[in-house]
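Dear colleague,

Please find below the structure that I am handing over to you, together with its sequence. My findings follow it.

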Amino acid sequence: MFHHVNAYPGDPILSLFQDFQRAPQARKVNLSIGLFYDENGAIPVLESVRNAAARIAAQGAPHTYLPMEGSAPFREAVQRVVFGEACAAVRERRVATLQTLGGSGALRLGAEFIKRYFPDSAIWISDPSWDNHRVLFAGAQIEVHSYPYYDAASNGIRFDAMLATLETLPARSFVLLQPCCHNPTGLDLTREQWRAVIACMQARGLIPFIDMAYQGFGDGLDDDAWAIRAMSDAGVAFLVSNSFSKNFSLYGERCGGLSVVCSSEQEATHVLTQMQAGVRRAYSSPPLFGAQLVAQVLGDAQLYAQWDAEVAAMRARIKSMRTGLRDRLRDALPGRAFDYLVEQRGMFSYTGLRAHEVDALRERFGVYLLRSGRLCVAGLNAGNLDYVAEAMASVLAPQ
């Protein structure tokens, strides 16, 4: 009956992670998948989350269904941490927020919403972007295009080309943007550049779709959300997906949110009901426990302060690994420029390594990167930093 079904070739990121787990090398380093590891190479359980879990357990509440839109305390917490305490759109009830199955679930629900209510619109994503961005929107039968972003020659952003492309897009086009810790490049727009993008969105009648998966890993929880808040203050209508997988270290709990900023409370009410319908068509309701954890932490001043400090420590560790790798490579290969490692933000670095060099790292040293050259900085630690730097220097050295 199913002989006509072809095999799925696999996701380039998840498949590489599986290859790493199966690899027989005595020494190997995973710098591929987007996971934050602590200094001991373990995925941490945050103390703020432990404390929240203890409080929830003590309540002994039943494990009942959540509403289609998700937990009300969780959704309110999403609005506070994403849009800020002083957001006029939230105060005026113009933001429709939905609890989702992680950031990916938010993107897919947003894509389904776009296809249903903007059937003739396409979406533009950065070149390059996270591989799954294209997959999620194309899977919803949305036409996906790219706008210029990464400049391989300078290891910077092609901002003039990016803006020039956006200024040619037809009205009601969607533009996927990352407000901080750009995946995969680690290169973020400046605030001046964001202001130019916001002005372009308004002038052209474009609709931003902001994907924030790494809030707090760039420059801080509030600073990393600056573009979202500036866009809201400017009166733009837009969508925001956010994830707590990384900054709460809650990967398997699938905690995310989808918010739509509207021009009126009535619009937001209508949008929320249609997003509820989208959830009902897909999975009926989101999971409970992760939402309880996030809401407990973000809704309690003591736990929030503890979490904020833990995120700051995670951010500092990533930055120290960037500096350490830059310094070791600079010492090993004098005259080569590696400052881009500390100029980028967040978990990922676009190293400039070519596919054959990435292959050599994997085959000769057991160091796993994506073939695009993307490196997960959070996989580095004091125990493997020297080894990784030596391996990279070996494949980068003139032959």
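Pro128 lies in the loop that runs between strand E3 (123–127) and helix H6 (131–139); helices (H or I, at least four residues) and strands (E, at least two) are DSSP runs, numbered from the N terminus. The peptide bond that joins Asp127 to Pro128 is cis, with an omega of about 5°.

As to the source, this is a predicted model, in which local features need pLDDT of at least 70 and side-chain atom pairs count only at pLDDT 80 or more, whereas totals for chains, interfaces and linings use all residues. Residues are numbered from 1 along each chain as its sequence is written, and side-chain values use heavy atoms, with hydrogens and water left out.

Another cis peptide bond links Asn183 to Pro184, with omega near 25°. Pro184 is placed in the loop between strand E7 (174–177) and helix H8 (191–204). Backbone geometry also draws attention to Asn155, a residue other than glycine whose phi is positive, near 55°. Asn155 belongs to the loop between strand E5 (150–151) and strand E6 (156–157). For context, most residues other than glycine have a negative phi, and most peptide bonds are trans.

Turning to helix packing, helix H2 (residues 47–59) and helix H12 (residues 289–298) meet at an angle of about 110°, their axes being 9 Å apart; axes are lines fitted to C-alpha atoms, for helices over the stretch in contact, and angles run from 0 to 180 degrees between N-to-C directions. H2 is therefore roughly perpendicular to H12, a term that covers 65 to 115 degrees. On the H2 side, the contact (heavy atoms within 4.5 Å) is made by Ser48, Val49, Ala52, Ala53, Arg55, Ile56 and Gln59, and on the H12 side by Phe289, Gln292, Leu293, Gln296 and Val297.

H8 packs against helix H10 (residues 226–233) at an angle of about 35°, with the axes 10 Å apart. Arg191, Trp194, Arg195 and Ile198 of H8 make the contact with Trp226, Ala227, Ala230 and Met231 of H10.

Finally, the 32 residues of helix H13 (residues 301–332) should span 46 Å at 1.5 Å a residue, and the 47 Å between its end C-alpha atoms agrees with this; the expected span is 1.5 Å times one less than the number of residues. At the start of H13, a side-chain oxygen of Asp300 comes within 3.1 Å of the backbone nitrogen of Gln302.

Yours sincerely

Definitions and conventions: Polar contact = N/O pair within 3.5 Å; in protein donor to acceptor, adjacent residues only side chain to side chain. Parallel < 35°, antiparallel > 145°, perpendicular 65-115°, else oblique.
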